[in-house]
Amino acid sequence: MSSSNGSPSSASASGTLASGTSSSRTSSTRGKGIALVLTGAALWGVSGTAAQYLFQERGFSSGWLTVVRLLLGGLVLLGIAYKQDRTQIWGIWTNKSDRISILLFGIPGMLATQYTYFAAIQHGNAATATVLQYLAPALITCYLALRSRRLPGAAVIVSVAIAVLGTVLLATGGRIGSLAISGQAVFWGIASAFALAFYTLQPLRLLARWSSLIVVGWGMLIGGIFSSLIHPPWHFEGKWSPGSLVAVAFVVIFGTIIAFYCYMESTRNLPVSEVSLLASVEPLSAAVISVAWLHVRFGLAEWLGTLCIVATIIILARAKEGST
């Protein structure tokens with residue numbers, strides 16, 4: 001390729017400059033994506049620990065916090081979507097199939113994911129609840145293998161085995177035959193993994209037609225409205241204090257609105273497989289902060305269990321990346 005003046009050296013220099021500019025832009029975009037996903041995942045982890053403080057130190061109920069988080073988060077996200085394109089925000093309700101899908105996403109998807117996660121924290125702690133919820137990638141991979149009627153590959157089999165080992169270590173603390181956390185904590189933690197798997201898979205068709213702000217915003221608002229019928233937000237349990245006010249604000253603002261925005265924006269700059277890999281910082285951040293702030297007892301078995309489940313995310317993300 002030659003330049004307009006016919007000078008090879010000029011063409012070479014021009015190409016090198018263009019390549020360097022492109023490389024610099026790609027590096028900048030990648031760095032931004034990594035910073036965003038790490039920020040979002042860390043905020044989710046910290047918000048889980050803030051929720052544990054509210055439940056176990058201030059007497060708040062998981063039902064009340066779920067309702068408040070969903071209602072406020074949904075209203076803010078829909079407000080942002082309305083400001084960006086007010087003509088689109090109601091469009092999701094004009095099609096019968098979309099109406100059914102958004103209701104399914106909002107109630108057995110969004111609401112179930114939020115409530116089971118908070119219930120697992122209330123009956124156990126943020127560290128184990130967050131780690132158990134991260135069994136979802138293994139569940140999703142197994143489901144997709146069954147749906148396609150294909151035998152799972154070696155990476156899937158290994159990751160599921162490691163995930164099961166991690167769950168056992170977390171639940172028993174390495175003492176097989178006895179539970180290190182309550183049975184309810186184990187039940188709600190595993191239920192949150194199934195709920196998260198449904199939450200991840202169910203709205204794929206909607207997300208192909210509508211922006212994630214609209215889908216997640218409506219999902220939160222629908223889940224919050226439905227949950228209000230069971231746990232009205234005006235039926236409050238707990239003790240208010242400056243600390244509890246800050247914790248609620250953190251869960252809603254940083255752990256919901258900002259964390260979601262960071263995660264969503266990161267997918268514009270990084271491959272999805274890499275985003276899911278980097279998001280595994282969430283259970284680690286929840287574990288570290290729970291131990292440091294709330295003095296949750298985490299022994300060698302619990303840390304090994306945490307690393308096992310994080311390892312499944314890494315294995316599955318790498319396997320998916322290699323197959324694309």
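Tutor: By relative accessible area, a residue is buried under 20%, exposed over 50% and partly exposed in between (1.4 Å probe, protein chains only). This is a predicted model, where local features need pLDDT of at least 70 and side-chain atom pairs count only at pLDDT 80 or more, while totals for chains, interfaces and linings use all residues. Residues are numbered from 1 along each chain as its sequence is written, and side-chain values use heavy atoms, with hydrogens and water left out.

Student: How is Cys142 classed by its relative accessible area?

Tutor: Cys142 has a relative accessible area of 27%.

Student: How many disulfides are found in the whole structure?

Tutor: A disulfide is a pair of cysteine sulfur atoms within 2.5 Å. The search covers the whole structure, and the number of disulfides found is zero.

Student: Is Tyr53 buried or exposed?

Tutor: Find Tyr53 in helix H1, residues 8-57; helices here are DSSP runs (H or I, at least four residues), numbered from the N terminus. Its relative accessible area is 16%, so Tyr53 is buried.

Student: Which residues does Tyr53 contact, leaving aside neighbours within four places in sequence?

Tutor: Contact means heavy atoms within 4.5 Å. With those neighbours set aside, the partners of Tyr53 are Arg58, Ser241, Gly243, Ser244, Ala247, Trp293 and Leu294.

Student: How far apart in space are Tyr53 and Gln122?

Tutor: In sequence, Tyr53 and Gln122 are separated by 69 residues. From C-alpha to C-alpha, their separation in space is 9.2 Å.

Student: At what angle do H2 and H3 pack?

Tutor: Axes are lines fitted to C-alpha atoms, for helices over the stretch in contact, and angles run from 0 to 180 degrees between N-to-C directions. H2 spans residues 62-84 and H3 residues 96-123. Their axes are 9 Å apart, and the angle is about 140°.

Student: What is the distance between the axes of H2 and H9?

Tutor: H9 covers residues 212-228. The H2 residues that meet it include Gly63, Leu70 and Gly74, and those of H9 include Trp218 and Gly224. H2 and H9 pack at about 145°, and their axes lie apart by 7 Å.

Note on methods. Helix = DSSP H or I, 4+ residues; strand = E, 2+ residues; numbered from the N terminus.
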